[in-house]
Structure formats: C-alpha cells, structure tokens
Amino acid sequence: PGRPRTDGVSIQAAVEGTRITEGFARFPAAGAQDILKTLPLAIGRPGGFAGYAELREPGGALTVDNRVWFSGVSQPPLRVVVVDGAPGVSSYTSEAYYVRTALAPRAGGAPLVMLTPSGLDTADLSRAEAVVLCNPAGLTLIARQKLSAHVRRGGGLIIFLGDQADPDTLTRDFGELLPARLVGRMHGEWGIAWVDETHPALSLLAEPAQADWTPVRVTGLVQ
C-alpha cells in the first residue's frame with residue numbers, strides 16, 4: 001500500500017549478454033496483478049541459448065529483484081508453402097495477404113513459396129514443413145494426393161476457410177485430413193464477444209493495443 005504507480009516500466013531481454021529486444025508494461029499502484037507480456041526473440045541461429053529478462057524503472061526502485069533467467073532451443077526457419085485460393089488485383093486484396101505478411105521472412109529466414117491452386121499440381125512439397133491453404137475452393141486429384149502424402153510424412157497443413165468454402169467440396173477434397181466433418185454454412189453478421197488470450201496461438205492478442213475486437217465482424221461460418 002502506498003507504493004507509487006509504476007507506468008511504462010521497461011522490459012528488456014538479453015541473450016548471451018547482448019540485449020536483443022525491449023518492451024514496456026504497466027503495473028498497478030498497489031496490490032498484486034499477473035501481467036502477460038510477449039517479446040519477440042530473434043536468435044539468429046539454431047540451437048540452444050540462454051538469457052534473461054529484466055525490469056527497469058527510472059530511479060531504480062525495482063533493482064533488488066528485477067531479473068529472471070531463461071533458456072530455450074531455437075529452431076531453424078520453417079519452409080512454408082502458401083496457396084492463395086483467390087488472388088486479388090493487388091497483393092493487398094489477395095486471400096493470402098495477411099498470412100504472407102505474418103510469415104514474412106526476417107533476416108536469415110527461409111523464403112515463403114507462394115502458389116495459386118493450379119500451381120499446387122506441379123509443386124514439390126518434399127521439403128515443405130507446412131502448407132497453408134487460404135480460402136480454397138477446390139483442388140485437383142493430383143493436388144489432393146500431394147497434400148495427403150505431405151501430411152502422412154509428418155508435414156503440417158493449415159486451412160483458412162472463406163467465402164469460397166463449400167462443405168461438400170471440402171469434405172470430398174480433404175476427407176480424412178479434416179479434424180471434423182463439415183456439414184453446412186451459416187450466413188449473417190456476428191461480433192466476437194470473447195477471445196481465449198491464454199491459448200498459445202492467441203497470446204500476442206493479450207497486448208492491450210491488440211485487445212479491441214469491437215470492430216471485427218464475421219459474415220459467414222462453416223459448421
């Protein structure tokens with residue numbers, strides 16, 4: 001009680017003695033509160049690494065116990081194939097725009113392989129570790145066989161559905177590759193009322209600047 005409010009405390013992370021990233025967090029004036037903060041770590045090489053994260057406040061009020069150590073293993077960049085199910089008139093209107101932006105290779109990263117659905121027929125997936133399908137409308141028999149072989153040898157497959165998604169076609173094309181049977185579509189307009197920010201895939205959305213889901217609208221659902 002009585003501890004002054006601590007706003008904008010710097011959080012810095014260092015690996016092998018070199019500071020590589022920094023962020024900021026806000027703490028309450030009194031009491032205890034769990035705060036989730038995600039910082040990107042660009043290690044630059046595969047293999048084990050060790051480092052620390054520490055809080056830095058002007059005046060040094062937190063220096064008694066402000067550092068925590070961590071270790072991890074950096075994996076080599078994934079080789080990803082992205083299939084754009086509906087290329088737009090520009091890169092900004094294509095179905096794969098956001099996926100491509102999110103997976104944009106950083107320094108030392110493996111380049112993405114961008115394909116159209118027809119390009120999947122002749123693509124070599126033997127070195128791909130993951131294939132991402134963005135709003136697929138349907139696939140040829142050759143493409144379906146390639147994806148099936150890719151998954152059977154341990155490759156990842158991510159399917160983002162969109163306005164082209166037809167449950168019958170997708171069930172025919174992907175069958176046993178789907179986690180559940182698709183039974184129909186719903187049309188309307190809905191908002192997002194709740195997001196599980198504790199899920200690893202959504203942890204970045206716990207950042208205050210990313211937490212406003214009010215403008216998001218959903219106009220179709222596949223059951």
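**Figure 1. Strands S7 and S8 run parallel and are joined by five bridges.** In this predicted model, strand S7 covers residues 130-134 and strand S8 covers residues 156-160. Within this pairing, Val-131 stands opposite Leu-157 of S8. Strands of a sheet pair through backbone hydrogen bonds, and the pairing can be parallel or antiparallel.

Figure 2. H2 lies across both S7 and S8. Its direction makes an angle of about 140° with that of S7.

**Figure 3. Four strands form an open sheet with parallel pairing.** The order of the strands in the sheet is S6-S5-S7-S8. Which strands stand at the edges? They are S6 (113-115) and S8. Each of these two has a single partner strand, so one side of each is left without a neighbour in the sheet. On average, and with direction ignored, neighbouring strands of this sheet are turned by 15° against each other.

**Figure 4. Strand S5 is joined to S6 by three bridges.** S5 is made of residues 80-84, and the two strands run parallel. Val-82 stands opposite Met-114, a residue of S6. In a regular strand, side chains alternate between the two faces of the sheet.

**Figure 5. Phe-174 is a buried residue of helix H3.** H3 covers residues 167-174. Phe-174 has a relative accessibility of 4%, so it counts as buried, the cut-off being under 20%. Which residues does Phe-174 contact, if neighbours within four places in sequence are left aside? They are Leu-133, Pro-136, Leu-139, Leu-147 and Ile-159.

**Figure 6. Tyr-52 and Trp-69 form an edge-to-face aromatic pair.** A pair of aromatic rings is described by the distance of the centres and the angle of the planes. The count of aromatic pairs comes to four. In the pair of Tyr-52 and Trp-69, the centres are 5.0 Å apart and the planes are at 65°. The pair links distant parts of the chain, with Tyr-52 in strand S3 (residues 47-56) and Trp-69 in strand S4 (residues 67-74), 17 residues apart. Is each of the two residues buried or exposed? Tyr-52 is buried, at a relative accessible area of 16%, whereas Trp-69 is exposed, at 60% relative accessibility. Arg-67 lies over the face of Tyr-52, at 3.8 Å from the ring centre.

**Figure 7. Tyr-92, Tyr-97 and Tyr-98 form one aromatic cluster.** The ring centres of Tyr-92 and Tyr-97 are 5.3 Å apart. Their planes are at 55°, so this pair is tilted. Tyr-92 has a relative accessibility of 62%, so it counts as exposed, the cut-off being over 50%.

**Figure 8. The chain contains three helices and ten strands.** Along the sequence, these elements follow the pattern β-β-β-β-β-α-β-β-α-β-α-β-β. The chain has 223 residues, of which 27% count as buried. Among contacts between residues at least 6 apart in sequence, 59% join residues at least 24 apart.

Methods: Residues numbered from 1 in each chain as written. Predicted model: local features only at pLDDT ≥ 70, side-chain atom pairs only at ≥ 80, totals over all residues. Heavy atoms only, no water. Phe/Tyr/Trp six-rings, centres within 6.5 Å; stacked < 30°, edge-to-face > 60°. Buried < 20%, exposed > 50% of the residue type's maximum accessible area, 1.4 Å probe, protein only. Lys NZ or Arg CZ within 6 Å of the ring centre and 35° of its normal. Pairing = 2+ DSSP bridges. Axes fitted to C-alpha atoms, helices over the stretch in contact; angles between N-to-C directions. Contact = heavy atoms within 4.5 Å.
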